[in-house]
Amino acid sequence: MPIHLLPPPSATVPERTEDEEPQAVRFAGLRLVHAALRRDLARLPNALRLLQPGEDAKGEALLRHWDFVTAMLTCHHEQQDSRIWPIVRRFAPELRLLLNWLEADHHNLDHSFTRVTTLVRIASRDTGSVWPVAYAIEDLAARLETHLRIEERQLLPRMAGVFADNSRVGSLPELLDLLRSADGPGSADALAWLLEGVEPSVVDRLLAECDDDVARSWPHWRATYERCTSPLWGPAGDWGILPD
């Protein structure tokens with residue numbers, strides 16, 4: 001399934017010379033998390049519905065992946081509430097009410113994901129309950145979609161005026177640094193999850209912003225992730241990519 005990291009092209013695109021560097025994706029770390037959450041909340045319900053009696057290993061794998069998704073969501077919320085929103089409040093005070101609402105909704109969403117986690121844990125062991133749990137995930141995805149659209153349409157454009165073009169705030173390197181220092185998902189798993197389905201040329205641009213160790217390790221991290229997740233979604237070639 002394609003994930004929408006880059007905005008749709010405008011009607012007229014200025015020409016770029018061969019020597020000109022492609023423009024970096026603003027707040028790529030935030031946008032990648034949003035895209036990956038949408039992708040997985042769209043395919044997890046169907047994966048649950050296809051779970052058959054006796055497929056205990058697949059049920060456990062689905063539960064592990066759900067736990068990983070919820071951990072990434074928690075880390076994403078912590079990054080915004082503790083690192084990004086305070087800066088925006090200081091330099092764009094007119095956005096304080098919006099930021100207060102987003103932060104409160106983060107807490108509400110975290111509680112909702114916790115409740116659904118209990119249901120997913122049951123469904124991973126009892127295939128008789130997979131359909132209502134799949135519907136619960138779809139309802140949660142619809143609620144999260146409203147939150148993500150508000151951030152992307154009302155906040156990110158304003159943040160572009162607060163932070164310099166070369167700022168690391170909201171970038172992929174900043175997110176990886178946060179994951180390394182936090183007690184949560186590993187940066188290797190997170191990077192492979194974030195870049196799944198992203199068009200290769202965009203992946204190259206994003207990796208160029210990361211340190212050399214990340215770029216060198218990326219092929220191994222991607223191969224390991226694909227091997228671990230293929231029982232859930234099928235071969236990596238069936239996932240789809242986003243055209244540049």
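Which residues of helix 2 meet which residues of helix 5? In this predicted model, M72, C75, Q79, R83 and I84 of helix 2 meet E174, L175, L178 and L179 of helix 5. The legends below begin with an overview and then turn to individual close-up views.

Figure 1. The predicted model contains 8 helices and 0 strands. Read from the N terminus, the order of elements is α-α-α-α-α-α-α-α. The protein chain has 244 residues, of which 47% are buried. Among contacts with a separation of 6 or more, 80% are between residues 24 or more positions apart. The accessible surface amounts to about 12800 Å², and carbon and sulfur atoms contribute 53% of that surface.

**Figure 2. Crossing of helix 2 and helix 5.** Helix 2 spans residues 56-91 and helix 5 spans residues 172-181; their axes come within 11 Å and cross at roughly 110°. Helix 2 is therefore roughly perpendicular to helix 5. On the side of helix 2, the residues taking part are M72, C75, Q79, R83 and I84, and on the side of helix 5 they are E174, L175, L178 and L179. Sorted by class, this contact of helix 2 with helix 5 comprises 6 nonpolar, 1 polar and 2 charged residues.

**Figure 3. Crossing of helix 1 and helix 6.** The axes of helix 1 and helix 6 come within 8 Å, with a crossing angle of roughly 75°. The two helices, helix 1 and helix 6, are therefore roughly perpendicular to each other. Helix 1 contributes L32, V33, A36, L37, R39 and D40, which meet W193, L194 and L195 of helix 6. The contact of helix 1 with helix 6 has 7 nonpolar residues, no polar residues and 2 charged residues.

**Figure 4. Crossing of helix 6 and helix 8.** Helix 6 (residues 187-195) and helix 8 (residues 212-233) have axes that come within 9 Å and cross at roughly 75°. Helix 6 is therefore roughly perpendicular to helix 8. From helix 6, the contact draws on A188, D189, L191, A192, W193 and L195, and from helix 8 on V214, W218, W221, R222 and Y225. By class, the residues of this contact of helix 6 with helix 8 are 9 nonpolar, no polar and 2 charged. W193 and L195 of helix 6 take part here, and W193 and L195 also meet residues of helix 1.

Figure 5. H147 belongs to helix 4, which covers residues 130-159. Is H147 buried or exposed? With a relative accessible area of 1%, H147 is buried. When neighbours within four places in sequence are left aside, H147 is in contact with W101, L102, D105, H106 and L109. One of these residues, D105, is joined to H147 by a polar contact of 2.7 Å between the side chains. H147 and D105 are 42 residues apart along the chain, and their C-alpha atoms are separated by 7.8 Å.

**Figure 6. T70 of helix 2 and T117 of helix 3.** T70 is located in helix 2, and T117 is located in helix 3. T70 has a relative accessibility of 14% and therefore counts as buried. T117 likewise counts as buried, at 11% relative accessibility. Apart from neighbours within four places in sequence, T70 is in contact with F113 and T117. With such neighbours again left aside, T117 is in contact with W66, D67 and T70.

**Figure 7. R115 of helix 3.** R115 is part of helix 3, which covers residues 96-123. A relative accessible area of 54% makes R115 exposed. The side chain of R115 forms a polar contact of 3.1 Å with the side chain of S112. R115 and A136 lie 21 residues apart along the chain, with a separation of 9.8 Å between their C-alpha atoms.

**Figure 8. Backbone of F27 in the segment before helix 1.** F27 is found in the segment that precedes helix 1 (28-49). Most residues other than glycine have a negative phi. F27 counts as buried, at 4% relative accessibility.

Note on methods: Residues numbered from 1 in each chain as written. Predicted model: local features only at pLDDT ≥ 70, side-chain atom pairs only at ≥ 80, totals over all residues. Heavy atoms only, no water. Helix = DSSP H or I, 4+ residues; strand = E, 2+ residues; numbered from the N terminus. Buried < 20%, exposed > 50% of the residue type's maximum accessible area, 1.4 Å probe, protein only. Contact = heavy atoms within 4.5 Å. Areas by Shrake-Rupley, 256 points an atom, 1.4 Å probe, with all protein chains shown as cover. Axes fitted to C-alpha atoms, helices over the stretch in contact; angles between N-to-C directions. Parallel < 35°, antiparallel > 145°, perpendicular 65-115°, else oblique. Nonpolar A, V, L, I, M, F, W, Y, C, P; charged D, E, K, R; others polar. Polar contact = N/O pair within 3.5 Å; in protein donor to acceptor, adjacent residues only side chain to side chain.
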